Every structure is written in structure tokens, then in C-alpha cells.
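Notebook open, structure loaded. I'm jotting down what I look up as I go.

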Amino acid sequence: MTNSSNKYILLVMTAALLSACSVTKKYERPTTLKTDQLYRDQASTDSTTIADMPWQSVFKDEKLNALIQKGLDNNLNLKNAIENIVQAQASLRQSKLAYYPTLQLDANVTRNKQSQAGLNFPAGININTLTTTYKLGLSTSWEADIWGKLSSSKRAALATYLASDAAKQAVQTQLIADIANNYFRLLAYDRQLAITQETLESRIKNVETIKDLKEGAIVTGAAVVQSEANQHAAEVLIPDLKQSIRETENAINILLGQAPGPIDRGVLGTQIIPENLAIGMPSQLLQNRPDVRQAEFNFRVAFESTNLAKTYFYPSLTLTASGGFSNLELKDFFTNSIFYSIIGGLTQPLFNQGVNKMRLTTAQSQQLQAYNNFQQSLLTAGQEVSNALYTYQMAVEKEDSRTKQIEALIKAVDYTKQLLEYSSATNYTDVLTSEQNLLAAQLSGVNDNLQKLQAVVDLYRALGGGWK
């Protein structure tokens, strides 16, 4: 190779290295991303948030915490998410090794048999020539990362790994919320079943009382029939509640990664929730919400894929080398049998049927889609925080009114029963109506309590709590 050729190659490589920074770009979070006003009617500037609290501090029920820990240990979806991380780690390790040259060992023995018609031999006589070649060699190949192709691939692999880790965290936060919500729902069904059974016992006694009043000609037979129907109305609620209890227990067991069975649990009335439901600032969702972080990492993968697509328009520099021993005689293998070669190649794409342009256009479009998904994940997170917070506020708002309603209905039942028994100022229809209204209010009161507890769970998950 002439000196002028050497200078030309050196000039090309130098220019390539100097212009490499203009081919690929460094990732920066988009400034167009909207994080303000994500929380409806909330303008908090305090960074304190319950998302920073460990789940063991949010939930005070030891039996619930034991179930959550069991779910974190055994849930099958969470185990699959962890395996996704293992796979992403393997890809990341491979992308780092791409900076190094490949190395291959080649050892072979070749035996050739050739038949030739000897010119100095009698006609019809062939001489068979048998040769054996012994070869041992090493070959290597290395591509210089001039335009950042390997760097972009590595950064994309890193972002994929981080996205898989964030996905696992998202599964974990959802798992904790699902276990807690089902646990509170189970306690609510328990409480509604207890209220219904107590009501049924009261109505069975009431039937006997109405029968006695009929004997005393205070009420008619219609009142007896109505009281029996009222008793049966309570009875038919019990099978449905028991079915709900059984199905909820089974749902919890699925979350725990185990076969259906009973769930050890506490009672609804002893549940304690955090006093200060701080929500922090909307921008904190970028760090606290695993699914938002996953969406950003996916956007980074698409960003690096665009970088990678750009590098295919520029020349690639590849160095290959091979060397070893080759000889016809095994005894002289390591003497006078050395061979080697070194090749440097610079490949510039000229026309490849539009593949490079298609690759870049596709990557840019996918990058835009990933950005839209990123923004959508933020909007969804803001919606979930807003909904959960408002649901909690409405449950609290109903508490005082519901308590007063139940107290008034208890008095109404007592008064109408007394009026029915000791005077003719009322009839059994009034008693029946007040009893039905009381049971409905008591069951609704349990639902109000459940709404409050589940709103706290949903708010904790929506803010990104549970994975730290």
C-alpha cells in the first residue's frame, strides 16, 4: 500500500471520528412533556407523598401484611416479570461485549485424493495421489464504533433492561393493591354477612311477636304473612354474601400463587389508614410511578433505535486478522508452516434497495409513538390520582350523614314496633318499611367504609407506592 493510500485512509478515519457526534444524539427528557395540572383541583407544592412510605407502614393489619409478603414471594406474574429482567440482563451483557473483537479457533485435517494419468507410464495405468493437510489457526474480526452504532445498541439494551425492571415494579405495586383491595372487600363481606345474620335473627323473633299480636287481635293475618316475607328477604341475602366471600378468598389465593382455600383475616372495624394522604407534586410521578418510568425507558429505546438507524448511512470500518500453522507433515507442523493475514475494510453503503431509508423512517415513527405512550402514561397516572383522591373525599363526606341515618332508622324501627304493640297509631307496613330501610343503610354503611379503604389503596398505587 502506497503512502498516499495510507494518508487517504487516515484522513477518512479522522473525519469520521470528528463527525461522529453529529450522527447520534444524546438522550434528554423531552421539554414538551406535560406534567403540570395532572391532579384535578390540586395545586400542591409540597413534595411529601405517601408513595415514599413502605407498604408495611401504610397497612397496619398484620394479617394483611403477611398476605402481601406471601404474594410478593409466590405470585406467578411477578416471577415472570423477574425472568424478563434476567433476559434483559443477558442482552445488556451481550451489547457490552460487542465492543470487543470476535475470536475463533479453527483446527482441521484435510485429506485429498487425486487420480492422474501418468504421462510416463504405460497406457491405462493411473497413479492415485493422496495428500493430508494439517491446519490450526485463529481468526478475529473487529468493527470500529466510529458512528456510535455499538454505543447506541448498548444504550438501547440498557434502557430495555431498565424498562423490564420498571415493569416488574409496576407488577409489584399492582399486586400489593390487588391483595389489599380484595382483603378489604373480604372484610366488608364478612361484616355485611354478620349484619344480615343479626337482622335475620331479629326478624325471626319478630315473626313470633306478630303471631302473638294476631292472637290478641291487634294485627291481622296479613301482618303475619308480611313479617314472614320480611324474614325470607333477609335469608336470601346470605347465600349471595357467602358466595362473594368464597370467590374473594379464591381470588386472593390466586394472587398468592396457591390453590383456593380459606384466608386468615381480621375485621373491618379495626382497620387503620394513614392520617395524612399527601400526594406530592405531579412531576414526582416521573420518578415514583413504575409504569411511567417504563414508558420513558421504552421511549429511550426508540430514541436509540433512531440513532442506530442513522449510522447505517455511513461507512463502517472492519478489521479482520487470521493466522496459524498449516503443513502437509504433522512432524513438521510447528516449523516452516506459519501463515497470517491482516485485512482492513471500509464499507460505504451506496444502494441497498431503500433498506436504510425504510429503517430510519420506521424508527422515527416508532419513536413518536413511544413519546405519545409516555405522555399518555402520565395523563393516566394523573387521572388515577385525581379519581382516587376524590373517591376518598366523597367517602369521608358520607360518613357523618350515614351514621346519622342509621341512628335515626334504629329509632324508627323501635318506635314503630312499640306503636304497633301498644297502640293502633300505626300498622305493620310502617314497621316493615323501617326495618328494610335500616338493613339497606347498614349494608351501605359497610360499602362506604370499603370505599374509603380502597380509595387509600388506589391512591397509594396511583402515586407509585409499594415498590421502594
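pLDDT is the predictor's confidence in each residue, from 0 to 100. This is a predicted model, so I keep to the cut-offs: local features need pLDDT of at least 70, side-chain atom pairs need 80 or more, while totals for chains, interfaces and linings use all residues. Residues count from 1 along each chain as its sequence is written, and side-chain values use heavy atoms, without hydrogens or water.

Confidence: I get a mean pLDDT of 84 for the protein, with 84% of residues at 70 or more. Helix α1 (residues 3-19) has the lowest confidence, a mean of 49, and helix α3 (residues 62-74) the highest, 96. Helices here are DSSP runs of H or I, at least four residues, numbered from the N terminus.

Aromatics: I searched the whole structure and found 7 aromatic pairs (Phe, Tyr or Trp rings, the six-membered one for Trp, with centres within 6.5 Å; planes under 30 degrees apart are stacked, over 60 edge-to-face, the rest tilted). Phe59 and Tyr460 are edge-to-face, because their planes sit at 85 degrees, with centres 6.2 Å apart. Phe59 is in the loop between α2 (55-58) and α3, Tyr460 is in helix α11, and 401 residues separate them. Phe59 is buried at 4% relative accessible area, and Tyr460 is buried at 2% (buried is under 20%, exposed over 50%, partly exposed in between, 1.4 Å probe, protein chains only). I also see Tyr27, Phe299, Phe303, Tyr371 and Phe374 joined into a cluster by ring pairs.

Definitions and conventions
Helix = DSSP H or I, 4+ residues; strand = E, 2+ residues; numbered from the N terminus.
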